[in-house]
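Please keep the sequence and the coordinates in view while reading.

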Amino acid sequence: MAFFGNQFSDVVEWEEFRDDMIFWKWTNKEIKKGSRLIIRPGQDAIFFNNGKVEGIFEQEGEYDIVSEIVPFLSTLKGFRFGFNSGMRVEVLFVNTKEFTVKWGTKSPINIPAPQLPGGMPIRANGTFHFKVNDYVNLIDKVAGVKQSYLVEDVQLRITARLDQLLMKWITREGKDMFNLQSNSHEIGKGIQDDLNMEIMDDGMKVTGFQVMSFNYPKEIQDMINKNASHGMVGDVSKYQQISVADAMGKSSGSNTASDMAGMMMGMNIAKEMMDDQKESPNSSASSSSASGSTGGQQGPNFCPNCGEKVSGAKFCPNCGQKLVE
């Protein structure tokens, strides 16, 4: 016991912690009597020897290795600090958080499209998420030969497969090649499943994959915008009414000429609304019903002379125009 009283008390901890580091290996050192293990928030410590996991410790805190750690190690329970040298064992510190990584296509991907014989060149970008979920595979396939592992290493591996997977899932799930965003969830889910198969053997799991946007060539994007604007216009008469109303708002209160112009615009709107009412079967039916119930002719809702709302009166309260013959 006197021998160990003179030994240096090692501290086993993650000495090179970085937010973008997936794991770091404490190795090539002796754990002597009096050594302590420090586990910080967001870390797990895995004791392994000759590639075999001896014990996994997940609770943050500071531990005495001899009294609190060794008794729980699978094959080292019988180890006694009665030798001149300490216990040689490797400790793998794992970052347990979920990592978020941005991705983007380096060059356009030509997606087959019936309308375009040469295919449609598309770029895409988004994010994906992953975390470590299998320590045995992680040690067997990665940590056994690496001292540390960075998010960048996983990012490079995944992005190398993205072009192929984007083409596969856009072709399969992209119902409208000119509006791929509407199927972005299905496309992303398919890519996530395939990427999981790619990295699961390394002890990691893709927990999410999102396509934030698809980017078309300028000519195609201009065409999409033009078609969208035509679809929004739809009813030309309504579009004209909206345009006139906007013009009235912009010119209102500027000068006498603009006031006159606004009045004329208002009259035109009123006339168009009256014409719409005359053409509408429902309007005619309701008008006939009202006439029958009152015994007289129902007047218009707007004055054809000044555009004032009259609510069926016989004379316009603003300009005196006779509204009912």
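The pLDDT is the predictor's confidence in each residue, on a scale from 0 to 100. This is a predicted model, in which local features need pLDDT of at least 70 and side-chain atom pairs count only at pLDDT 80 or more, while totals for chains, interfaces and linings use all residues. Residues are numbered from 1 along each chain as its sequence is written, and side-chain values use heavy atoms, without hydrogens or water.

The protein chain has an average pLDDT of 77, and 69% of the residues score at least 70. Over residues 1–8 the pLDDT stays under 50, and the model gives this stretch 9 contacts (heavy atoms within 4.5 Å) beyond four places in sequence. Residues 283–295 also have pLDDT below 50, with 7 contacts beyond near neighbours in sequence. Where pLDDT is low, the predicted coordinates should not be read in detail.

Helices (H or I, at least four residues) and strands (E, at least two) are DSSP runs numbered from the N terminus. Two strands pair if DSSP finds at least two bridges between them. An open, antiparallel sheet is formed by 5 strands in the order β6-β5-β9-β2-β13. Its edge strands, β6 (52–57) and β13 (148–150), each pair on one side only. On average, neighbouring strands of this sheet are turned by 20 degrees against each other, direction ignored. Between β5 (residues 43–49) and β6, the antiparallel pairing extends over 5 bridges; N49 stands opposite K52 in β6.

Two helices lie across strands of this sheet. Angles run from 0 to 180 degrees between N-to-C directions, with axes fitted to C-alpha atoms, for helices over the stretch in contact. Helix α3 (residues 135–143) lies across β2 (21–26), β5, β6, β9 (90–95) and β13, at about 110 degrees to β9.

A nonpolar core is a set of buried Ala, Val, Leu, Ile, Met, Phe, Trp, Tyr and Cys residues joined through side-chain atoms within 4.5 Å; buried means under 20% relative accessible area, exposed over 50%, partly exposed in between (1.4 Å probe, protein chains only). The largest such core has 45 residues, and I22, F23, L92, F130 and I191 have the most contacts inside it. Helix α4 supplies its largest share, 8 residues.

Finally, D202 is found in the loop between α5 (184–199) and β14 (204–215). D202 counts as buried because its relative accessibility is 11%.
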